[in-house]
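Here is a short report on how one protein model packs together. Look at the structure first, then read on.

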Amino acid sequence: MALSPLNAISPIDGRYRSKVEALGNYFSEEALIKYRVLVEVEYFIALCELPLPQLEPVSSSVFEDLRGIYKNFTAVDASAIKEIEKVTNHDVKAVEYFIKDKFDGLELSAYKEFIHFGLTSQDINNTAIPLSIKDAMNDVYVPEYLLLLEKIENLASDWAHIPMLARTHGQPASPTRLGKEIEVFAVRLKEQFNLLNDVPSAAKFGGATGNFNAHKVAYPTIDWKAFGTKFVQEKLGLHHSFPTTQIEHYDHVAALFDGLKRINTIIIDLDRDIWTYVSMDYFKQKIKAGEVGSSAMPHKVNPIDFENSEGNLGIANAIFEHLSAKLPLSRLQRDLTDSTVLRNVGVPFGHTLIAFKSTVKGLGKLLLNEPKFAQDLENNWAVVAEAIQTILRRESYPNPYEALKGLTRTNEAITQTSISNFIDTLEVSDTIKSELKAITPSNYTGI
């Protein structure tokens with residue numbers, strides 16, 4: 001059975017494939033193989049540039065031909081490597097043999113044993129995977145994040161002056177402005193995104209147990225630590241973790257996943273607030289011809305985009321949580337649990353992208369219902385009690401809190417008239433009374 005969106009097990013490769021397809025260039029099996037080939041080729045070139053004595057005849061003129069092995073990498077090449085792996089039963093060794101075959105075609109057969117020279121498979125995996133994550137972040141995640149942030153910021157600006165009844169503990173509270181409440185999410189997102197920039201994309205590169213044992217025994221006079229750092233940081237653009245065991249300790253990538261999880265949590269918070277505002281009739285939603293909101297209730301227009309986003313972010317966060325908790329743990333110099341877990345890195349990115357797109361779509365469908373905002377404020381004159389008692393405190397009026405408490409903590413409706421009548425009973429000047437009566441739920445919105 002050929003794989004299609006209809007028979008894929010995972011929805012990110014099935015129902016939602018079109019939304020996450022760009023991630024295939026970074027997190028698919030083919031992409032992982034390509035990144036491994038890239039690291040192997042660049043490592044060989046770095047040995048030539050060192051130069052190792054046995055590689056000194058290799059001309060720099062062939063370097064671009066070598067780079068063509070990964071720059072022109074195709075699905076056919078990936079399939080060829082998978083065929084080799086059926087024999088080797090080792091994915092990185094299959095990449096090494098594939099490149100050796102390419103060397104024959106480039107008339108570099110004499111240098112084939114310097115492919116993967118002195119390395120262990122984790123020198124390749126622990127550079128290829130962080131490189132793919134870094135590229136996916138820059139090429140796919142960041143543009144989608146910025147689109148979402150821009151949408152939130154635009155709405156915060158558009159709604160900056162819309163007064164709104166706030167609710168704390170679900171109860172009417174001091175009024176606010178809709179734009180400010182949306183801006184809260186924009187600022188939270190930006191602050192967490194800035195923290196991501198402080199997390200290095202770290203890679204391990206140091207041989208079988210991290211000590212460059214094989215390198216040093218073969219070429220004891222070369223500073224292999226300096227070579228490894230230069231290769232990882234200048235050639236690959238990653239941070240060289242040293243010392244390590246056989247594997248990268250994953251502390252930095254765990255920090256990245258924790259940061260991505262916090263961003264997702266903020267968006268869940270936004271999704272839930274907007275969902276609630278829709279249920280309160282603060283927003284209507286644009287209706288698209290032909291769409292059905294319910295199979296039984298034709299009147300319904302459900303806030304499905306925010307629900308879809310929340311659900312996908314929950315799955316993404318569960319996997320990010322497992323990755324960040326599990327990856328830094330490895331028995332002694334290494335165990336293999338990190339290998340199978342790392343193959344799932346693209347999954348939380350996929351669910352995150354689906355969620356980002358859903359939230360943007362949902363925000364784009366919102367129609368402001370200003371009369372409802374005004375109605376809720378008018379129905380809740382009790383919220384100006386805080387303002388009145390604060391001004392009375394300023395004027396050293398005796399027991400102002402208690403006076404307002406007696407007025408407002410009843411089951412009777414508090415209206416503009418009852419507030420005005422209460423103000424008239426206060427023993428304050430007419431100027432203060434005028435100041436108090438000028439306060440309304442719509443203008444008591446702070447800064």
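On the α12 side, D305, F306, N308, S309, N312, L313, I315, A316, I319, F320 and L323 take part; on the α14 side, V347, P348, F349, H351, T352, I354, A355, S358, T359, K361, G362 and L363 do. Contact means heavy atoms within 4.5 Å. Helix α12 covers residues 304-326, and α14 covers residues 346-364. Helices (H or I, at least four residues) and strands (E, at least two) are DSSP runs, numbered from the N terminus.

The axes of α12 and α14 come within 8 Å and cross at roughly 155 degrees. Axes are lines fitted to C-alpha atoms, for helices over the stretch in contact, and angles run from 0 to 180 degrees between N-to-C directions. The two helices are therefore roughly antiparallel. That term applies over 145 degrees; under 35 is roughly parallel, 65 to 115 roughly perpendicular and the rest oblique. The crossing of α12 past α14 is left-handed, meaning that the near helix is turned anticlockwise from the far one by less than a right angle.

This is a predicted model: local features need pLDDT of at least 70, side-chain atom pairs count only at pLDDT 80 or more, and totals for chains, interfaces and linings use all residues. Residues are numbered from 1 along each chain as its sequence is written, and side-chain values use heavy atoms, with hydrogens and water left out.

T359 sits in α14. Its relative accessible area is 0%, so T359 is buried. Buried means under 20% relative accessible area, exposed over 50%, and partly exposed in between (1.4 Å probe, protein chains only). Not counting residues up to four places away in sequence, T359 touches L148, I267, L270, D271, D305, F306 and S309.

Which residues touch the most other members of the largest nonpolar core? They are V37, I133, F257, I274 and F349, in a core of 134 residues. Helix α7 (residues 121-158) gives the most to this core, with 16 residues. Such a core is a set of buried Ala, Val, Leu, Ile, Met, Phe, Trp, Tyr and Cys residues joined through side-chain atoms within 4.5 Å. Beyond its neighbours within four places in sequence, I274 contacts I182, F283, F306, L363 and L366.

Aromatic rings come next. The whole structure holds 24 aromatic pairs. Rings of Phe, Tyr and Trp (its six-membered ring) pair if their centres lie within 6.5 Å; planes under 30 degrees apart count as stacked, over 60 as edge-to-face and the rest as tilted. Here are two pairs.

| Pair | Centre distance | Plane angle | Type |
|---|---|---|---|
| W224 and F227 | 5.3 Å | 80 degrees | edge-to-face |
| Y277 and Y282 | 5.9 Å | 25 degrees | stacked |

W224 and F227 are three residues apart in helix α10 (residues 224-235), so about one helical turn separates them. W224 is buried at 3% relative accessibility, and F227 is buried at 8%. Y277 is buried at 15%, and Y282 at 0%. Ring pairs also link F27, Y141, Y145, F193, F257, F320, F349 and F356 into a cluster.

Helix α4 (residues 63-71) has F63, L66, R67, G68, I69 and Y70 as its buried residues. Their cover includes α3 (29-49), α6 (91-105) and α10.

Is K288 buried or exposed? K288 is exposed, at 54% relative accessibility. It lies in the loop between β5 (283-285) and α12.
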